[in-house]
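This briefing goes with the structure shown below. Look through the model once, then read the points by topic.

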Amino acid sequence: MKKHQNLPDECTACTSCVVHCPVAAVTSKFRGPKLSGPALERYRLLLHDEDPSLEYCSNCKNCDITCPSGVSPSTMNMLARGEYYKKHPHRLRDWILAHAEKMGQMNSPMAAVANMGADNPLTRIALKKIGITTKRRLPKYASRTFVSQFRALKQQSYPDKIVFFPGCFINYNDPQVGMDFVAVMQANRYEVIVPDDTECCGSPMVAGGYLEEAAANAQKNIQALRRLTDKGYPVITCCTSCGLMLKREYQELFRIDGVETVAARLYDSTEFLLELYDQGRLNTGFIRQNGKYLYHAPCHLRAQGIGRPALELLRLLPDIEITDADAGCCGISGSYGFKDDKYDISMAIGEDLFRTIRESGADGVVSDCGTCRMQIAHGTGARTLHPMTLVANGYGKR
Amino acid sequence: MREYDVIVVGGGLAGLIAAAGAAGRNKKVLMLTKGAGTLAIGGGSVDLLGYVGEGRPLASPEQGLTELPDTHPYSKIGRAGIQAALDYFKTVCRQEGYEYIGSPEKNYWVPTAAGTLKPTCLIPKTMDTAPLKAAEKIFVAGFHRLKDYYPQIVVQGLAKIPVYAKKEFSVVWLDTGMHEGRDITALEVARWLDTEAGRRSCAEQLKKALPPGAVVIVPPVLGTKPSYAVAEELEKTGGYRLVESTGLPPAIIGLRLRNLWLNFAKKSGVTVVENAAVTGSVVENGRCIAIKTGNLDRERTYRAQSFVLTTGGFFGGGLGSQPGRATEAVFDLPVAAPANPEEWGAPQLFGTRQPFAQIGIVADGRMAPVDAAGQPILSNVFVAGRNLAGYDFSFEKSGNGVAIVTGYQASLSV
């Protein structure tokens, strides 16, 4: 397979990326993906150059999705951001937002205290001071991480095994999604393996300009996962940003041995279940559950080039009505919407989606991405859920 | 097993028309796209045929159709097929709330940002040139800081053209209030007019600068959505007639048209996979059975009964070239090109047909790719839009016209 190459000269300056950039649509402070990406990259290849507007790029990938010439402006932006922070100090808030895993490790053991602390007026003053918005809640920590719940679970053993990469958000903040996924795989006669030597995929580190740390995590993850893919096991994610990072961004940003071998075995949970359906081995013994839902496709799923498998999968559930919101980026882009100077941009980007949700009269909004779900709940008050939750419900597992 | 009736590869205008058309005939359709297509770059007016022969301008595209060689895609489809495709296009646009006007009997000569006139056939109502013809005085509006659109250039150019020479021109400057940050393009102005505050501000400025009933040429900025709401609201404030000219990329009218057809295709049941890098196809016994995508992770196959190729030309990435040879990557179809690469380009860059612009895949009247003997190469594959050989859209002004006519024909053939 053709290796990814960063080729700014493939850009014909057609402006397709600028037209579809959600950030450029709501602020004129960002020069847009064409100028900050391929146009400046030509100079960066020759000499050190910095673009102050680069900080506005949210790495949502809409530029890559819409480029007719196969250029990835977002990758150029993230590489340039990494270069910038080699010579400039990071802000404390950037460290905090880029290290969701370390924050989770610190806070999870005393989740109740940490969650209470986040609402404490003094904490709020401190957050504001370092540049984290207090207009939205930080993600709550679960009282028990996914990994500790999973280790305590007695699974039925099956010859078919899959490897689950839970990612930080599911592990520390939303473990029930992981447990739902395990229940779904068990209902399909699969045993789930959760490796204990993987780390944060690195997505928030890349967005925060901690490129070297992200590369180190990537290295470890590929090593750990390769041991399992070499046994023939597929690797499955329920988080579309982890999935994109592992299967695509690692190859765009870093050079890691074995990355292609692992990428070839990576699946999004919904895509994997649809493949089981194609093979005639999906358990379709779903119980009836009524409900009218709207589906929001995360940008990091759309960038994977696999369509919207959750929509097709959920349409197999009897009596579930599911409609594609198709209203663009939600605006949060992981850590981006938590920065106090980006909060308003983030909410302005999400406005189309929020309006679509408010006008839909749906019982809930389904989305594969944890931070998309947070943004939707924050922007509309809607009930949000991961596709695996509806599938697990369909098996009567909750 | 999920299987589609039709897979359309490519999401430009030809692909959208083919996909929506097939879905309208109760086919289960999958559209694989890589990039947002060139529609929002090229523009949204539908050029059917502006020039024939060595550049003779046409008052009527219909008359020019009879002069085209048999190798031209229009000649293969015929007058009735062309009419059916244009009728379908106009019906859908009207149903979706963004009516196009015009017919093959006449060309509109619409003003451009360069102050020239360009022939085109089907246009949104806001490009209608009738108010310009009727007016004695024409206002030309510019926006402060708007890149690539200078009203003085429009006036200078138009004043040299006989039909406009006797008219009085006046330049009007409008201000979006965007005084900082990146350069302003037509897209920023159109987004400003999408907002209520923008429309209010613009209406106030128009009221101050214009007498009631004024006829005004504006850049293509009257909203990003396929709707006349922005134009109607602004025109109402003083009985004005606002006439959109063509502009440079990003092409706002093309963006409206893309949004309209993409929404319509999805509403009609078309499944869209974005960012899908199509790498090839699986062919058995002269029949395609599946399309392969190769993203950075792994290869995937998508199966269907029939297929439409609308990946574009050299610019859109649908055609490639190697020394001495033009190529098509998805089905490896033969691409007709002059044998001697020295003859791919005419030495005179403008003002003549360019051989490279006519390089493409030769198809029959059903849009099935054919070999030198005229026999279909693959029984269930059809080609539409700039993948096709035999027309120079830039020289003859026929780009969106060929996309619609051949895309619609492909939707009938699948």
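**Where the chains meet**

In this predicted model, 33 residues of chain B are in contact with 33 residues of chain A; two residues are in contact if their C-beta atoms, placed from the backbone, lie within 7 Å. The model is predicted, with local features needing pLDDT of at least 70, side-chain atom pairs counting only at pLDDT 80 or more, and totals for chains, interfaces and linings using all residues. Residues are numbered from 1 along each chain as its sequence is written, while chains are lettered from A and ligands numbered from 1 in the order in which they are written.

**The side of chain B that touches chain A**
- The largest share of this side, three residues, is supplied by H8(B).
- Sorted by class, this side has 13 nonpolar, eleven polar and nine charged residues. Nonpolar means Ala, Val, Leu, Ile, Met, Phe, Trp, Tyr, Cys and Pro, charged means Asp, Glu, Lys and Arg, and the others, Gly among them, are polar.

**Chain B as a whole**
- Chain B has 14 helices and 19 strands, which are DSSP runs (helices: H or I, at least four residues; strands: E, at least two) numbered from the N terminus.
- Its C-alpha atoms fill a box of roughly 70 × 45 × 40 Å along the principal axes.
- Of the 414 residues in chain B, 51% are buried, that is, 20 or more other C-beta atoms lie within 10 Å of their own.

**Contacts of one residue**
- Apart from neighbours within four places in sequence, Ile7(B) is in contact with Leu30(B), Leu32(B), Ile291(B), Tyr302(B), Ala304(B) and Phe307(B).

Technical notes. A residue is buried if 20 or more other C-beta atoms lie within 10 Å of its own, exposed if 12 or fewer, and partly exposed in between; C-beta atoms are placed from the backbone.
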